[in-house]
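Work through the exercises below with the sequence and the structure in view. Each task is followed by a solution in steps.

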Amino acid sequence: MTYLAHSAHAQLAALWLSCVGWTLTTVALGLVQWRVWQVSDREVISSGQAWVGVWRACFNSHTVVTPGFRVMHCRYITLTEAFAPPEIVAGQVLMVLSVLVGLCGNAGGVYALRNIYLGLEKSSPIRLSFLTTGALCLTAAVMSLIPLVWNISSVATNQTIRFPPEFKMPPEPDSQHVGCGIGVGMVGTVLMIISGIIFCRYRLPARPQAGADGRGAAGGKDNPAFDSHEHL
């Protein structure tokens, strides 16, 4: 079998990018600072700033404190909440799916690189493995990109969320801006897109025609260490 490890250095870098992108996507899913609301009434929201994520709405307060926190009030947003806008519901569903699909993509990248560096498969399955890994990474990126862009659009148009009274949130913010949760998610998505493209662009090196002495036209030679197991 021809030694192919030299042909996959870019894919090794892509795996690193994919792992970092997947980690950032996972972190973004748990962050509450997706949408930052600015409010003028500080009677309850002491800092004048509230955070809305895909799973929680929180703010600092000296009068209403959630058990387990010192100066913060938080309420969870579930899929069954009637008030949850579609961009938040999309974030809950698609971000979780993105994390799962991205994890499968990373596992596929590890499998493909393991095979290519150890010479455990022939060239065709290796190519297919990289294509599958790239497709999974790109799918995960699209899944996370949809709710991220959707929430950015809602922030840009200052869309409000009609929270129930127990959330202690105002009917609408004075203004709002994109929080670090969306920023982290966008960076992770970009890294997943880049890694997916690199995986899909893998090409097998051209095999030189062997001469009478076993060497190719460019002086290359098959690595005998990767041929021995084929004859066992």
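**Exercise 1.** State what share of the chain is buried.

Solution. Count as buried any residue under 20% relative accessible area, with a 1.4 Å probe and protein chains only. Of the 232 residues in the chain, 42% are buried.

The model is predicted, so local features need pLDDT of at least 70 and side-chain atom pairs pLDDT 80 or more, while totals for chains, interfaces and linings use all residues. Residues are numbered from 1 along each chain as its sequence is written, and side-chain values use heavy atoms, without hydrogens and water.

**Exercise 2.** List the elements of the chain in order.

Solution. Take helices (H or I, at least four residues) and strands (E, at least two) as DSSP runs, numbered from the N terminus. The chain has four helices and five strands. Read from the N terminus, their order is α-β-β-β-β-α-α-β-α.

**Exercise 3.** Describe the sheet and find its edges.

Solution. Two strands pair if DSSP finds at least two bridges between them. The five strands form an open sheet in the order 4-3-2-1-5, with antiparallel pairing. Strand 4 (72–76) and strand 5 (175–178) are at the edges; each has a single partner strand, so one side of each lacks a neighbour in the sheet.

**Exercise 4.** Find the bridges between strand 2 and strand 3.

Solution. Strand 2 (residues 49–52) and strand 3 (residues 56–60) run antiparallel and are joined by three bridges. For A50, the bridge partner in strand 3 is F59.

Technical notes: Buried means under 20% relative accessible area, exposed over 50%, partly exposed in between (1.4 Å probe, protein chains only).
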